[in-house]
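Open the model in your viewer and keep the sequence panel beside it. The stops below say what to select and what is there.

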Amino acid sequence: MLLHQSLPAKYVAVLIINPFMVYNRVIAYISLVEMPNRKNLIESLTYVAELLLVIVLWCCAPASFAIGVAVIAFKDVVMSVVYTIQWRNKLFAAGDSVKNWVLKVLKFGFFPMLSVLMTTLNYRVDVIMLEGKVSDAAIGVYSIGVSLAERVWLIPDAMKGVLVSNVAKGKGPEEVAYVIRICNTVCLCLILGLVVLGEIFITLVFGVEYAGAYQVTLILLIGAVFMVYYKMIAAYNIVLGKQRISFLFLFISVVGNVLANWILIPKMGIYGAGFASVISYSICSLMFVVYFIRMTKIPLSHMLILSASDFKKLKTKLKKSPRKKD
């Protein structure tokens with residue numbers, strides 16, 4: 001729905017959505033450190049409200065570009081407002097205006113904003129570059145393959161929040177390596193499941209005409225596991241205030257993504273776009289891993305998969321983990 005609008009309308013939508021997205025991300029990190037349980041509750045309620053909104057609009061409203069933008073922006077707008085109310089009187093003096101408070105957060109979030117933009121481009125520039133090069137049907141097939149492969153990232157995205165909280169409370173880089181090992185192990189299991197059941201799932205849910213999405217999924221799964229390293233190390237950099245280096249690595253990755261798509265799409269179509277994403281994800285992760293190893297002296301062998309001692313440690317943590325209230 002959004003792809004077929006005029007460029008000015010797309011730019012307006014980006015200008016509306018992006019500031020809220022970045023502001024929400026910055027203030028959500030504060031909440032993650034200071035009140036993780038309440039943050040999870042706020043997010044859960046917002047997701048439920050978003051789902052209800054989509055159901056109501058789907059039943060009662062005609063499809064339109066404006067409604068699409070509203071649905072995309074809903075979560076970030078609502079959570080930004082709620083977090084602002086939560087933190088307004090806790091982080092700054094009572095006499096400080098909301099305007100000044102928001103400006104301070106946005107100033108801190110400038111490079112995270114650029115990183116969000118680079119991350120989004122890294123994930124979606126392939127779809128943009130496919131437009132006009134292949135049919136709309138082929139883009140639809142490719143998008144389904146992308147969506148299925150990205151389910152692997154649900155685990156690192158969830159663990160990233162836990163990692164930020166732990167590092168902010170004093171855990172060192174060893175915690176980053178430990179969380180990476182957990183994510184790698186779980187993601188490899190998910191990838192195996194997608195390899196075995198992915199084609200059946202696509203055929204049952206989307207129909208035989210979308211069966212080609214399975215090949216796209218297989219290609220993208222090659223690069224999916226690499227992004228675990230980026231997600232965890234970038235989160236670690238945020239806690240240390242090293243957002244600029246993360247932005248630089250992401251910018252280089254996006255440039256590589258664009259060049260790879262430019263070369264491969266004319267030759268291989270949607271499969272070329274898939275391989276371009278794998279190349280980009282690999283470049284991105286390699287830069288973050290090399291930087292992390294040089295900064296922490298933790299060897300790559302400590303960032304692979306869980307060992308027997310890790311399983312014992314994880315089992316002990318799960319048994320002893322107390323329920324805390326914010």
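**Aromatic pairs**

A search of the whole structure finds eight aromatic pairs; rings of Phe, Tyr and Trp (its six-membered ring) pair if their centres lie within 6.5 Å, and planes under 30 degrees apart count as stacked, over 60 as edge-to-face and the rest as tilted. Select W153 and Y281, which form an edge-to-face pair with 5.6 Å from centre to centre and 70° between the planes. This pair links distant parts of the chain, 128 residues apart: W153 is in the loop between α6 (136-149) and α7 (154-168), and Y281 is in helix α12 (residues 270-296). Helices (H or I, at least four residues) and strands (E, at least two) are DSSP runs, numbered from the N terminus. W153 and Y281 are both buried, where buried means under 20% relative accessible area, exposed over 50% and partly exposed in between, with a 1.4 Å probe and protein chains only.

Next, select F249 and F288. Their ring centres are 5.2 Å apart and their planes are at 80°, so this pair is edge-to-face. It also links distant parts of the chain, with F249 in helix α11 (residues 243-268) and F288 in helix α12, 39 residues apart. Both F249 and F288 are buried.

**A buried glutamate**

Go to helix α8 (residues 173-206) and select E175, which lies in it. Is E175 buried or exposed? E175 has a relative accessible area of 7%, so it is buried. Show N166 as well: the side chains of E175 and N166 are joined by a polar contact of 3.1 Å. A polar contact is a pair of N or O atoms within 3.5 Å; within protein, one must be able to donate a hydrogen and the other to accept it, and residues adjacent in sequence count only if both atoms are side-chain atoms.

**The whole chain**

Zoom out and colour by secondary structure. The chain has 13 helices and zero strands. Of its 326 residues, 44% count as buried. Among contacts (heavy atoms within 4.5 Å) between residues at least 6 apart in sequence, 81% join residues at least 24 apart.

**About the model**

This is a predicted model, in which local features need pLDDT of at least 70 and side-chain atom pairs count only at pLDDT 80 or more, while totals for chains, interfaces and linings use all residues. Residues are numbered from 1 along each chain as its sequence is written, and side-chain values use heavy atoms, with hydrogens and water left out.
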